[in-house]
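I opened this notebook to record what I looked up in one structure. The entries are brief and follow the order of my reading.

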Amino acid sequence: MIETENLILRRFKKEDYEDVFEYLHEPQVHCFECLKLNTLKDAKKELKRRVKSNEINFAIVLKRENKVIGEISATDHELQERFTLGLAWMLNPKYQGHGYMFEAALGFIDYLFKETNLHRLYAYTEDYNKVSQHLLEKLGMRNEGLFKDFVSFVDDENGNPIYENTYQYAILRDEWLEKHR
């Protein structure tokens, strides 16, 4: 568990399903379309899976409401890279614009670099997602480049894949610790 001024980052619980459904029934970014939940029954099933999982995937809980308002995770994306993880997050649109994602990411990244053997953390964001790009830069991550037509998560009305341009950002443990001792 990680605690910040306004938030608690913790493992998911089965009873979080309604809060998770609230932000995953209509994912705002195409890359999370595969996580879309259509019903509360789907949400219950997903939370059962998450509770049993060993993934580093934490619920972001707003203390004053005791409500899950999003999630943040670090995964190897099946690349089997040693000591390198990819960062991802989602926040309920109702809670965006209050600095909660920055607060959660700051605590989470600090935890990863200080409490695990993580050497490098990277994140992908679409070229149109300016808010995410700004947040990654505010966290001290560097833009390492743009991948043109990198990946497709959705299709157009004719069933053709829509490819997205994606930036990669990253930060090393030494770089983080230099700024956050």
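**Entry 1: the model.** I noted that this is a predicted model, in which local features need pLDDT of at least 70, side-chain atom pairs count only at pLDDT 80 or more, and totals for chains, interfaces and linings use all residues. Residues are numbered from 1 along each chain as its sequence is written, and side-chain values use heavy atoms, with hydrogens and water left out.

**Entry 2: confidence.** I looked up pLDDT, the predictor's confidence in each residue, from 0 to 100. The protein chain has an average of 86, and 89% of its residues score at least 70. Confidence is highest in strand S2 (residues 7–11), at 95, and lowest in helix H2 (residues 40–52), at a mean of 81. Helices (H or I, at least four residues) and strands (E, at least two) are DSSP runs, numbered from the N terminus.

**Entry 3: two helices.** I found that helix H1 (residues 17–24) packs against H2 at an angle of about 115°, and their axes are 9 Å apart. H1 is therefore roughly perpendicular to H2 (65 to 115 degrees). Axes are lines fitted to C-alpha atoms, for helices over the stretch in contact, and angles run from 0 to 180 degrees between N-to-C directions. Contact means heavy atoms within 4.5 Å. On the H1 side the contact includes Tyr17 and Phe21, and on the H2 side Leu40 and Leu47.

**Entry 4: Thr166.** I located Thr166 in strand S8 (residues 161–172). Is Thr166 buried or exposed? Thr166 is buried, at a relative accessible area of 2% (buried means under 20%, exposed over 50%, partly exposed in between, with a 1.4 Å probe and protein chains only). Leaving aside neighbours within four places in sequence, Thr166 has contacts that include Tyr124, Phe147 and Val151.

Note on methods:
Parallel < 35°, antiparallel > 145°, perpendicular 65-115°, else oblique.
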